[in-house]
Structures are given as structure tokens and as C-alpha cells.
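Subject: Structure for you to look at

Hello,

Here is the structure I said I would pass on. Please open it beside this message and follow along; what I found is set out below.

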Protein chains: 2
Amino acid sequence: MKRKSLEGNTCAVARSLDVIGDWWSLLIIRDALGGIRRFSEFQRNLGLAKNILSTRLKGMVDQGIMTVEAASDGSAYREYVLTEKGKALMPVLAALSQWGREHMFEPGEMGSVLLDVKNRRPLRKIELISEDGRALQPEDVVLSARVIHAAK
Amino acid sequence: MKRKSLEGNTCAVARSLDVIGDWWSLLIIRDALGGIRRFSEFQRNLGLAKNILSTRLKGMVDQGIMTVEAASDGSAYREYVLTEKGKALMPVLAALSQWGREHMFEPGEMGSVLLDVKNRRPLRKIELISEDGRALQPEDVVLSARVIHAAK
């Protein structure tokens, strides 16, 4: 089934999902953030059919989320590397990881969680913070149309 | 095509995506956080086929993300209301919204952004913060297997 495109949608959530809302794309990005660079490594780690992986990687290259580079060891392999735009998705993955950890696991169950490399401790829980520093609850925020001033 | 289930996956990102990784589910949650409660309102807002909307809503009720309640105005309508587990997805939506705003819009283009209800100002950018308060970059975090201590 062809998805309805949300490319021109004015909601930033919808427009983001149009690009990275695919289930596999986010897991590929997760693996890339973890240091995986080669097609065969993504395939092995995700247990994904070659054609699906190939389509998802191409889509992310087209969207500027990844670039293709020559292998860092001088071999003939090509490597898929996250751009700054791709790396900037880390907070999305971190929020998903924290939510999953709280709501999708039983106490005592083993799970992968995000750790600070330096001290191997979990990160602080992501909070929504107002411009003037107040912690906000879901009820305290609203989606509203605005002119987007700077595209970064 | 039946998706491979990641229900028992040890990665919290994968397990979360298995439940809410569907493109439409996150947009339904976005609308619910914005105050929409009735089937017809979701349908009108999302432009979604009834059978797809119905399946997604049922899935989220089954997962404990939404509950079905009698209409707040005493009419015969049923209303779909986010549980605490569902509301706890706000940081995921906020992270997607902020990423989209920075990377998927041209300067000057209109877009929906998350605002603080109180002062109508955008939220602070979500950051990854270590347990001891340092702002972390994508390179500073790692996914690692751990016993999940509390399911909340």
C-alpha cells in the first residue's frame, strides 16, 4: 500500500515521520549511531531482507540523513555514515528508548538502554522545558502554526 | 506484508517501535494530545480511512496507550483518551517536532511547532543530559544491555 505523503504537511511531526517514520529506518539509524557502517553489518544486525535494507538506506541517503563513503580501511566496501541531520535524530531515539524502558519491560527483565559512555550510567530522563526553564507536562504544551524562522 | 514483530526484542527502541512505530499511530497520539477524542474528529483531522483508523485505535487500546470512555457530554459517542502511558510519549513527539522544524522546513515556511501554553513560546531544545548534568552529544552515548530495574 502506497502511503499518503505528508511531505508538504505543515506539522513538523508529520513531516518528520514522512521521512523517518518507517520502523526499519529508525532501527538502521540506531545501529549507525552505534557505529555500524557496512551493508552486511546492518543486515546481520537487523535480520533484514537485502532489498528492504537497500531501499531504506537509499531513501536516507536521498534525504540527506546518511552519506555513502569509501571504506575507511581502503577496501572496496562502501560505508553508510550519518550526516549531522542524521545524528540529530538521537533525541528521538533516546525518547523512544526511555519510554520503552519505562512502559514496555517487566521489572528485572534485560533490556538495552542508553548509557553515558564516560561513566556507563543511564541518562537523565528527557523533560520538556519551557524557554524560561520550567519543566512542562503534556498538558502544558500545544501544537500551533508559526513561521519557521531558521532552518538551522 | 506482515511486519516482523520486535515484541521480545531486548532493545527498548525496537520494542517501542513495535507498538507505536506505525506512522499513523503517532499522528493519532499527536491529535489526542491536542484534545481530540472522537473517532469522527480523528478521521476528519487525519484524512484517514475508517478501517485503518479503527485498527490503529484498537491496537493502542490493547497496548494500554488509550482507553475508551463514555462521552464527556453524556451523548452516545465513545471517546478515546490517552492513558499515562500514552501521554508519556510526548517527549518522542516533541523530539520529532524539533528535528523536523530544524531539518525539514525552509526558512520562512509556515509550520506547526510545540509551544508552551502559558507564554506561547517554543520549548527549549531537547538535550541529552548525563546523570551528573553534562550535555551529551550523539557520540557520548551508547546502547547497552542492562537489567531494567523498575517498569514504573
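In this predicted model, 73 residues of chain B are in contact with 73 residues of chain A. On chain B, the elements that each supply at least two residues to the side touching chain A are helices H1 (12–20), H2 (23–33), H5 (84–87) and H6 (90–103), together with strands S3 (110–116), S4 (128–129) and S6 (141–147). H6(B) gives the largest share of that side, with 13 residues. Sorted by class, the side of chain B that touches chain A has 43 nonpolar, 17 charged and 13 polar residues.

Strands also pair across the two chains. Strand S3 of chain A (residues 110–116) is joined to S6(B) by 7 bridges, and the two run antiparallel. To find the place in the viewer, look for Asp116(A), which stands opposite Val141(B) in S6(B).

How are the two copies related? Chain B is superposed on chain A by a rotation of 180 degrees with 0.0 Å of shift along its axis, at an RMSD of 0.0 Å. The copies are thus related as by a two-fold rotation axis. Which residue of chain B comes closest to the rotation axis? That is Val92(B), whose C-alpha lies 2.8 Å from the axis. Of the interface residues of chain B, 100% are also interface residues in chain A, so the copies meet through the same surface.

Val92 turns up again in the core. The largest nonpolar core has 79 residues, and the members that touch the most others are Val92(A), Leu93(A), Val92(B) and Leu93(B). Neighbours within four places in sequence aside, Val92(A) is in contact with Val92(B), Ala95(B), Leu96(B) and Trp99(B).

Now chain A taken alone. Chain A has 6 helices and 6 strands, and from the N terminus on their order is α-α-α-α-β-β-α-α-β-β-β-β. The C-alpha trace of chain A spans about 50 × 45 × 30 Å along its principal axes. Of its 152 residues, 38% count as buried. Among contacts in chain A between residues at least 6 apart in sequence, 35% join residues at least 24 apart.

Helix H2 of chain A (residues 23–33) is worth a look. The buried residues include Trp24(A), Leu26(A), Ile28(A) and Arg30(A). Just after H2(A) comes Gly35(A), with a positive phi of about 105 degrees.

A positive phi also occurs in a residue other than glycine: Arg120(A), where phi is near 55 degrees. Arg120(A) sits in the loop between S3 and strand S4 (128–129) of chain A. Is Arg120(A) buried or exposed? It counts as exposed, because it has 10 C-beta neighbours inside 10 Å. In the other chain, Arg120(B) has a positive phi of about 55 degrees and lies in the loop between S3 and S4 of chain B. Arg120(B) is exposed as well, with 10 other C-beta atoms within 10 Å.

Last, the confidence scores. The model has an ipTM of 0.88 and a pTM of 0.88. Chain A has a mean pLDDT of 86, and 91% of its residues reach 70 or more. Within chain A, confidence is lowest in helix H1 (residues 12–20), with a mean of 78, and highest in strand S5 (residues 135–136), at 96.

Regards

Key:
Residues are numbered from 1 along each chain as its sequence is written. Chains are lettered from A and ligands numbered from 1 in the order in which they are written. This is a predicted model: local features need pLDDT of at least 70, side-chain atom pairs count only at pLDDT 80 or more; totals for chains, interfaces and linings use all residues. Two residues are in contact if their C-beta atoms, placed from the backbone, lie within 7 Å. Helices (H or I, at least four residues) and strands (E, at least two) are DSSP runs, numbered from the N terminus. Ala, Val, Leu, Ile, Met, Phe, Trp, Tyr, Cys and Pro count as nonpolar, Asp, Glu, Lys and Arg as charged, and the others, Gly among them, as polar. Two strands pair if DSSP finds at least two bridges between them. pLDDT is the predictor's confidence in each residue, from 0 to 100. A nonpolar core is a set of buried Ala, Val, Leu, Ile, Met, Phe, Trp, Tyr and Cys residues joined through C-beta atoms within 7 Å. A residue is buried if 20 or more other C-beta atoms lie within 10 Å of its own, exposed if 12 or fewer, and partly exposed in between; C-beta atoms are placed from the backbone. Copies are superposed by least squares on the C-alpha atoms of residues with pLDDT of at least 70 in both.
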